[in-house]
Amino acid sequence: MMASDNSRQHSVVLTADVGSYSITTVSLAVQIAASMNARLRGLFIEDEDLLQVAGLPITREISLTTARERPTSVDQMQRSMRSVARQFEQALKQEAGALQIAWSFDYVRGRARDMGMPHGADVTYMVLSQPVSHRLRSRLERAPCRILLIANESQHQKQALEVVLDRSSHEQVELTLVGEKPGAKLSTEIAQLRADKGGALKLNALSRERLLDQLALLGSGFDCAIISRHEKPEVLAQILKTLSCPIILVA
């Protein structure tokens, strides 16, 4: 693993489980870490709920290719999880190595919904990997690239947005901005980014009033979400439930 003195100042955490690991999200987390010269920590979660379900006698696994059913077990599910975890670790090694980013990998048992933003002062970004159902959508269905940004007292949201926009440099982009008043600092910075991108960036404003109701309708339509961790925990939990895309939680 590569090491850097500057990487001690910030870190990026990427979480994934057997149902959400993707190369795309690993690449996103690596690019965020590279933009800050930060250390990247990959965290693979062995889902306790999934293991409990796998151990039930009525549980069956259905093949996506043949539609055939077969019984499953806790041991079999753990082997599958560890196989995906090895792929995740290997992807971290390759992607982080290519950009010479310091990285580490941990395998933990728990529940993805309980893995909140770490409280360490050095954790600036936490990237939550996307569910399988999202990444299987075709490029035609996902064009243009749709980004959700929920602003709330964060100093690092612009940097995350710049990374996402850079990854979408050859695409039309629709940015939905929530909670930022016209003329505020972030709005001004986004206006400049919009000018730099020309007509390729469309800006939509969304009110915080009835935000959860609106996201319930729009949540599956976003390709990436950037959210401040300063949201109230109960509100943040509800927001995360409505989204089916990679999520960047920002300190």
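A nonpolar core, the topic of the second view below, is a set of buried Ala, Val, Leu, Ile, Met, Phe, Trp, Tyr and Cys residues joined through side-chain atoms within 4.5 Å. Buried means under 20% relative accessible area, exposed means over 50%, and partly exposed lies in between (1.4 Å probe, protein chains only).

This is a predicted model, in which local features need pLDDT of at least 70 and side-chain atom pairs count only at pLDDT 80 or more, while totals for chains, interfaces and linings use all residues. Residues are numbered from 1 along each chain as its sequence is written, and side-chain values use heavy atoms, with hydrogens and water left out.

**View 1. The whole chain, to get your bearings.**
The protein chain has nine helices and 11 strands. Helices (H or I, at least four residues) and strands (E, at least two) are DSSP runs, numbered from the N terminus. Of its 251 residues, 44% count as buried. Take the contacts (heavy atoms within 4.5 Å) between residues at least 6 apart in sequence: 77% of them join residues at least 24 apart.

**View 2. Here are the nonpolar cores.**
The largest core has 48 residues, and Leu40, Phe88, Ile147, Leu149, Leu161, Ile226 and Ile248 touch the most other members. Helix α3 (residues 74-98) gives the largest share of this core, eight residues. A second, separate core holds 19 residues, among them Leu128, Leu148, Val178 and Leu236. Back to Phe88: leaving aside neighbours within four places in sequence, Phe88 is in contact with Leu14, Ala16, Tyr21, Val26, Gly42, Leu43, Phe44 and Phe105.

Nine strands make an open sheet with mixed pairing, in the order β5-β2-β1-β6-β11-β10-β7-β8-β9. Two strands pair if DSSP finds at least two bridges between them. At the edges stand β5 (103-110) and β9 (201-206); each has a single partner strand, so one side of each is left without a neighbour in the sheet. On average, neighbouring strands of this sheet are turned by 20° against each other, direction ignored.

**View 3. Zoom in on two strand pairs.**
Strand β1 (residues 11-16) and β2 pair in the parallel sense over six bridges, with Arg41 in β2 as the bridge partner of Val13. Strand β2 (residues 39-47) is largely enclosed by the rest of the structure, because seven of its nine residues are buried. Strands β6 (residues 123-128) and β11 (residues 247-250), on the other hand, pair in the antiparallel sense over four bridges. There, Leu128 stands opposite Ile247 in β11.

**View 4. Helices α1 and α3 cross.**
Two packed helices are described by the angle between their axes and the distance between the axes. Axes are lines fitted to C-alpha atoms, for helices over the stretch in contact, and angles run from 0 to 180 degrees between N-to-C directions. The axes of α1 (residues 23-36) and α3 come within 10 Å and cross at roughly 40°. That makes α1 oblique to α3; angles under 35 degrees count as roughly parallel, over 145 as roughly antiparallel, 65 to 115 as roughly perpendicular and the rest as oblique. Ile23, Val26, Ser27 and Val30 of α1 meet Phe88, Ala91, Leu92, Glu95 and Ala96 of α3.

Helix α8 (residues 211-218) lies across β7 (145-150), β8 (173-178) and β9, running at about 140° to β9. Helix α8 also packs with helix α9 (residues 233-242) at an angle of about 15°, their axes 9 Å apart. That makes α8 roughly parallel to α9. The contact involves Leu211, Leu212, Leu215 and Ala216 of α8 and Val235, Gln238, Ile239 and Thr242 of α9.

**View 5. Leu201 sits in strand β9.**
Leu201 is found in β9 and is buried, with a relative accessible area of 4%. Not counting residues up to four places away in sequence, Leu201 touches Leu165, Val173, Leu175, Leu193 and Arg194. Leu201 and Leu165 are 36 residues apart in sequence and 9.1 Å apart in space, C-alpha to C-alpha.

**View 6. Two loop residues have positive phi.**
Gln100 lies in the loop between α3 and β5. Its phi is near 55°, a positive value in a residue other than glycine, and Gln100 is exposed, with a relative accessible area of 59%. Glu153 is in the loop between β7 and α6 (157-167). Phi of Glu153 is near 55°, a positive value in a residue other than glycine, and Glu153 is exposed, with a relative accessible area of 68%.
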